[in-house]
Amino acid sequence: MPDGAPNHARREGGRLVPDGGITWRWSRFGLGAAYAVPAVVVAAWSPTLGLAVAVGVLPAAAFGLPPRRPGRAVIPVVGALSALGLLLGSLVASTPVIAVVAVFALAVAASITATSGRLAQLFLLLGLPLFGIGLSFPWGAAVLALAGCMAAGSLYAWLVALAWPERTSPALSPAPVPRGRAMVVYGVLLGTAAATAAAVGFALGLEHVGWATGAVLLVMRPVRGQLILRSAGRAISVMLGALAAACFALVGPGPLLNAALILLVVGALSATQESRWYIAPGFTTFLALTLILSTSSSSPSQRFVERSVETLLGVALALFFGALVPAALSFAARRRGRTCP
């Protein structure tokens, strides 16, 4: 099958979707490996810095490759929105009340404006979750460097993508975005879930408030079926990625092993990007947690438990506000309709 079409796909509701749970494409592995080259080179002499550079290309690797070269100009936009969201979240992280209010307000605004264009949709899907994750990073040199890596990494990924062959067959289509009142309701529920995750994190004094908040914003979708699939996928893949990172840290890897793992993980993230199952968090968690463990005095087992528990908290809140609350509201509305004379 020509490059650009999944190996097994079917039409569903007017969209082309993958037929299997996990889709692996070797051509995309090569693309991800090319994305990882600067990080691999840097990691050979500074593993921590190499991991930071690798994290910088994750948004591009996870986003996918538009079929035509002009459309690939969206890749640096993805990186810029991710960096901006991270910086904005970090900016308010030191003031819990402002952070909680801000994540609610941004979620509502992003949901309502999501139908206005591609840029607004990208902010809802990428910039907003990075805002939530940014609550884990107090403003300072470290978060500025990480945001810079994202912006520079996506620019480099765009240049690499321009050299990649164009596709002649249709790519996977995104799910349609609901309009009108549905997105207003969704925005309020999304904002409430994310704000609750942030408030719980601040109240409990969690070191990484953004883990649960980011999980909510990455999992919740207006369509219930997507929400349930993403919730299960994120919970499982994050725990597997965190477990792999903890075991990797216990091994005490040297620079060359770090460089090899960066190449494999970024390549695998790109190769499986079109999968129906939500497995990308496993790869991103591995690299992010490996970076944290490289500069942390906490034990790998402690970081594994923190990452897993806080992700499960975010997933639980997403399911509650994204599935149970709408179901309860719908049931109540039907009951009122039956009792009206």
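Colleague: Is Ser-82 buried or exposed?

Modeller: Ser-82 counts as buried because its relative accessibility is 1% (buried is under 20% relative accessible area, exposed over 50%, partly exposed in between, with a 1.4 Å probe and protein chains only). Mind that this is a predicted model, where local features need pLDDT of at least 70, side-chain atom pairs count only at pLDDT 80 or more, and totals for chains, interfaces and linings use all residues. Residues are numbered from 1 along each chain as its sequence is written, and side-chain values use heavy atoms, leaving out hydrogens and water.

Colleague: What does Ser-82 touch?

Modeller: Leaving aside residues up to four places away in sequence, Ser-82 touches Pro-59, Leu-126, Leu-130 and Met-150 (contact means heavy atoms within 4.5 Å).

Colleague: Switching to helices: how do H2 and H10 pack?

Modeller: H2 (residues 47-63) and H10 (residues 255-271) pack at about 5 degrees, with axes 10 Å apart. They are therefore roughly parallel (angles under 35 degrees).

Colleague: And which classes of residue make up that contact?

Modeller: The contact of H2 with H10 has eleven nonpolar, three polar and no charged residues. Among those on the H2 side are Leu-51 and Val-57, and H10 brings residues including Ile-262 and Leu-269.

Colleague: What about H9, what comes just after it?

Modeller: Gly-252, with a positive phi of about 70 degrees.

Technical notes. Axes are lines fitted to C-alpha atoms, for helices over the stretch in contact, and angles run from 0 to 180 degrees between N-to-C directions. Helices (H or I, at least four residues) and strands (E, at least two) are DSSP runs, numbered from the N terminus. Angles under 35 degrees count as roughly parallel, over 145 as roughly antiparallel, 65 to 115 as roughly perpendicular and the rest as oblique. Ala, Val, Leu, Ile, Met, Phe, Trp, Tyr, Cys and Pro count as nonpolar, Asp, Glu, Lys and Arg as charged, and the others, Gly among them, as polar.
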